[in-house]
Amino acid sequence: MKLDAAIAEVRAAEAAVAGALDAVGARHEGDHDVFHMTRTLRRLADANLEALAPVAERYGATGAPDPAPEPHRAADGGLALLDDLRALHLRYAEASIDWVLLGQGAQAARDAELLDVVSRCHAQTLRGLKWTVTRLKETAPQALTS
Amino acid sequence: MSVQRVDRIANPWGTRTPVGPGEPWPERVDELLVEGADPERWVQTASILHSDGDAYDVAVQDGRIVGVRGRGVDRVNRGRLGPKDVFGWQANASPDRLTEPLLRRDGELRPASWDEAMDAIVARSRALLEERGPGAIGFYTSGQLFLEDYYTLAIIARAGIGTNHIDGNTRLCTATAGEALKESFGCDGQPGTYEDVNHADAIALFGHNVAETQPVLWARMLDRLEGPGPPRLLVVDPRRTLPARRADVHLAVRPGTNLAAMDALLHEVVANGWVDEEYVAAHAVGFEELRETVAPCTPEWAAEVCGVDAHAIRAAARLVGTAERLLCTVLQGFYQSHQATAAACQVNNLAILRGMLGRPGCGVLQMNGQPTAQNTRETGANGDLPGFRNFANDEHVADLARVWNVDPLQIPRYGASTHVMHMVRHLEQGTLPFFWVSATNPLVSLPEAQRIRSVLASDRVFLVVQDLYLTETAAVADVVLPAATWMEKTGTFTNADRTVHLSERAIDPPGQARADLDIWLDYARRMDFRDRDGGPLVHWHDPESAFEAFKACVADRPCSYEGITYARLREGSGLQWGGERLYADGRFFAAPGECETYGRDLLTGGLLDETEYRALNPEGRAILKAAGFVPPPEEPGDEHPLRLNTGRTLFHFHTRTKTGRAPQLQAAAPDVWVELAPADAQRLGLAEGDVAEIASARGRIEARVRVGGVREGVAFVPFHYGWWDAPDRPSRAANELTITAWDPVSKQPLFKTGAVRVTKLADGDGRPAPAPTNTASAPVDGDLPATRGGPQAEVVERLP
């Protein structure tokens with residue numbers, strides 16, 4: 001059984017999402033919707049980590065998740081937002097695929113409780129992923145042509 | 001018939017004409033003529049100071065308006081007029097109307113010719129298009145112009161310039177109505193009709209202070225409430241509004257918690273088996289997901305979040321859950337608050353779950369704030385594509401390009417349009433150097449006023465303002481264009497229940513002022529916008545040809561105006577597009593090829609794509625969408641312990657540009673005030689009429705205190721008061737206090753969510769707060785002098 005490793009990957013990925021959300025929010029207070037939405041999404045990331053806690057304990061994957069490295073910082077204005085949202089998007093993508101892998105493992109192990117956690121939590125991660133795509137698409141035209 | 005004179009400031013809703021269920025609403029023709037008037041003719045029009053669409057005729061004598069009279073034949077008002085209808089027209093003749101263009105030279109606005117003003121605008125437009133492309137140009141329009149104006153602006157912005165930056169101030173009033181309808185029914189379009197008031201056995205007003213926002217609609221409801229077999233009434237509102245006083249159940253929820261209350265109502269409807277399962281199975285998708293979302297939302301949970309009694313939530317759920325003919329209406333209490341679209345969608349969900357759509361008395365009215373807001377949505381002046389087309393649908397965009405005879409690539413469709421708060425950000429960051437504002441006053445009406453001032457007054461922005469007066473915004477413009485207004489120009493507009501009215505030119509505009517349509521036609525001509533065959537892009541030349549061009553553009557869309565012509569509107573009165581009720585057959589405009597949007601996640605606003613939408617399998621079915629409650633972006637704390645709620649009063653509209661120039665309306669509510677609950681006032685050592693400071697993390701204002709019926713823990717401030725008529729005072733705009741935040745789906749700013757501190761500055765001098773006593777701002781002290789208008793406010797009412 002390597003499910004403990006898969007759980008640790010998901011926890012680290014969700015922790016990285018949470019860290020990136022904090023960083024993006026702090027850096028883009030002037031983009032008010034980004035600032036507020038990163039705080040809402042941070043709640044979802046925290047809830048995911050909380051939902052994982054009981055299964056993580058069961059599989060002995062309880063070590064502290066790796067601290068998230070800061071996303072890359074680019075120039076000012078729209079390009080900086082584009083850059084940071086892109087980095088956040090990649091964090092979400094990583095977390096999302098880690099949930100997929102854990103879900104496959106949970107199915108193979110016939111662990112219904114874990115499967116339930118995965119399906120509920122992955123939906124929240126996808127929500128963040130989708131928001132980053134939407135917000136990036138809004139930002140890109142002006143940032144890239146002005 | 002009886003004839004009587006009524007002080008319509010003291011009694012804004014006029015005399016009752018009670019009706020029973022299913023009975024037609026009797027006529028009551030209201031009329032006001034200035035003393036000694038002898039009208040030469042009466043000219044047809046409708047309300048432009050709210051969204052009800054009251055139809056009336058204007059009396060003309062010697063080239064001036066001398067009075068008004070309701071149209072008894074009209075389906076909307078049956079002759080009745082609200083106070084803004086009856087008194088508001090006087091602002092047309094205000095001596096401070098703009099009569100010539102102004103151009104900023106050496107830092108000052110100076111008179112200029114139309115050629116000079118338009119040349120300046122055209123030169124800047126051309127230079128920016130050349131140097132920086134269409135993204136350098138943005139348009140911000142109104143909810144008070146006409147359909148013909150909006151459609152012309154939309155084609156200029158979209159196909160002429162090719163910019164994605166176009167929005168209306170309808171973003172502040174009606175954006176959530178449109179988005180909620182799109183999310184639930186696949187497409188914009190008001191399901192219900194005002195006639196539903198006459199048939200309903202239960203009416204639920206969600207954040208809708210109808211007595212003040214649409215007084216004639218409230219008169220219709222009052223006539224039901226005072227007739228035989230009255231409907232039951234539910235009101236969700238943090239203030240003790242007049243409807244709340246008449247309600248069977250009043251939920252005075254904490255500002256910012258509407259969604260929690262709605263989730264609990266839906267929870268109860270599901271838990272008690274009040275769902276019309278047959279209707280839902282046949283006509284909706286998404287029930288399982290909705291059920292899961294509301295499952296944990298018990299009345300006890302919501303009671304805690306919303307600060308109301310769990311029993312009251314149960315009673316409210318029973319009222320809507322057991323009604324046989326349920327009419328639900330929604331307005332700013334939901335639209336301008338936290339999680340606006342999700343909360344408004346829950347109202348749609350309630351109607352869908354109960355099968356309360358498309359039958360007499362069974363309707364949803366997602367109300368509009370402004371008189372012509374509906375037309376910004378239909379024409380695309382609010383940033384949607386014209387005719388409820390879906391920007392993410394290639395065929396819709398190709399079809400629009402065919403109608404406009406342009407290359408599809410010319411029409412920006414890489415995302416939803418840039419809403420006004422994002423335009424402000426682009427202005428702030430210097431990537432949007434050209435901003436053309438028409439018929440609205442963002443310096444007073446947008447949140448965080450001090451930020452908006454600094455952005456719009458900046459030298460980096462070339463600001464064009466087209467208006468009737470030198471508004472706060474016009475005063476900082478680079479070019480000011482004097483516009484003709486209602487009664488000085490011809491056009492159509494559509495109210496909140498899809499009723500189209502014609503408003504005819506009756507008098508000349510003052511000085512050199514021009515109709516908005518003529519200004520934009522002139523701009524299009526000077527810019528030489530061409531279609532792909534080299535013909536003029538804007539090929540119409542007057543209001544009626546613009547109307548017909550719009551009709552051709554929407555002919556195959558849900559909002560088709562087929563059969564509505566100037567001639568028919570002239571012969572009769574208001575006509576509804578789409579028939580009396582949409583969706584009588586339970587078929588919605590939701591098929592993937594037809595819908596206006598593939599939808600958004602209600603929590604984040606994340607866009608769904610076509611594949612995801614198809615996977616929902618909506619075809620012609622409604623979509624039950626829901627979201628869980630999350631706390632608002634700003635909650636009260638030690639520094640700012642009260643919740644801020646900004647809003648309107650019956651006697652004013654927006655930033656008072658018109659109503660502040662109508663003597664009876666101005667006298668009824670002459671200055672800003674702050675409303676506090678008795679317990680809060682006592683704790684703060686404040687009494688009626690005392691002067692207080694209201695401060696948030698953004699700014700501060702001063703206002704006299706009205707001790708009134710607002711919920712404890714909430715400070716209410718009306719948002720109408722800017723500084724054009726109080727230049728020597730510090731700003732009294734409610735938006736000095738508001739937070740910059742908006743709903744993730746509709747992008748409507750949160751004017752009703754935020755935190756403030758109220759402190760006493762001075763004792764009152766015995767004068768009460770300058771707030772009306774006969775509205776939601778009624779004082780708890782019943783001995784204060786009552787609001788009245790006196791002889792100047794007497795209106796003739798002809799009753800059956």
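Two strands count as paired here if DSSP finds at least two bridges between them. Keep that in mind as we walk through this model, which is a predicted one.

Let's begin in chain B, with strand 10 (residues 202-206) and strand 11 (residues 232-236). They run parallel, and five bridges join them. To pick out one spot, look at B:A204: its bridge partner in strand 11 of chain B is B:L234.

Now step back to the whole sheet. It's an open sheet of five strands in chain B, in the order 12-11-10-14-15, and the pairing is parallel. Strand 12 (249-251) and strand 15 (363-366) of chain B sit at the edges with a single partner strand each, so one side of each has no neighbour in the sheet. Going from one strand to the next, the twist averages 10°. Helix 15 (residues 340-353) of chain B packs on this sheet, where it touches strand 10, strand 14 (326-330) and strand 15 of chain B. The direction of helix 15 makes about 170° with that of strand 14 of chain B.

Next, find helix 9 (residues 258-271) of chain B. After helix 9 of chain B comes B:G273, with a positive phi near 70°.

Finally, where do the chains meet? On chain B, 23 residues are in contact with 19 residues of chain A. The side of chain B that touches chain A has nine nonpolar, 11 polar and three charged residues.

Definitions and conventions. Residues are numbered from 1 along each chain as its sequence is written. Chains are lettered from A and ligands numbered from 1 in the order in which they are written. This is a predicted model: local features need pLDDT of at least 70, side-chain atom pairs count only at pLDDT 80 or more; totals for chains, interfaces and linings use all residues. Helices (H or I, at least four residues) and strands (E, at least two) are DSSP runs, numbered from the N terminus. Axes are lines fitted to C-alpha atoms, for helices over the stretch in contact, and angles run from 0 to 180 degrees between N-to-C directions. Two residues are in contact if their C-beta atoms, placed from the backbone, lie within 7 Å. Ala, Val, Leu, Ile, Met, Phe, Trp, Tyr, Cys and Pro count as nonpolar, Asp, Glu, Lys and Arg as charged, and the others, Gly among them, as polar.
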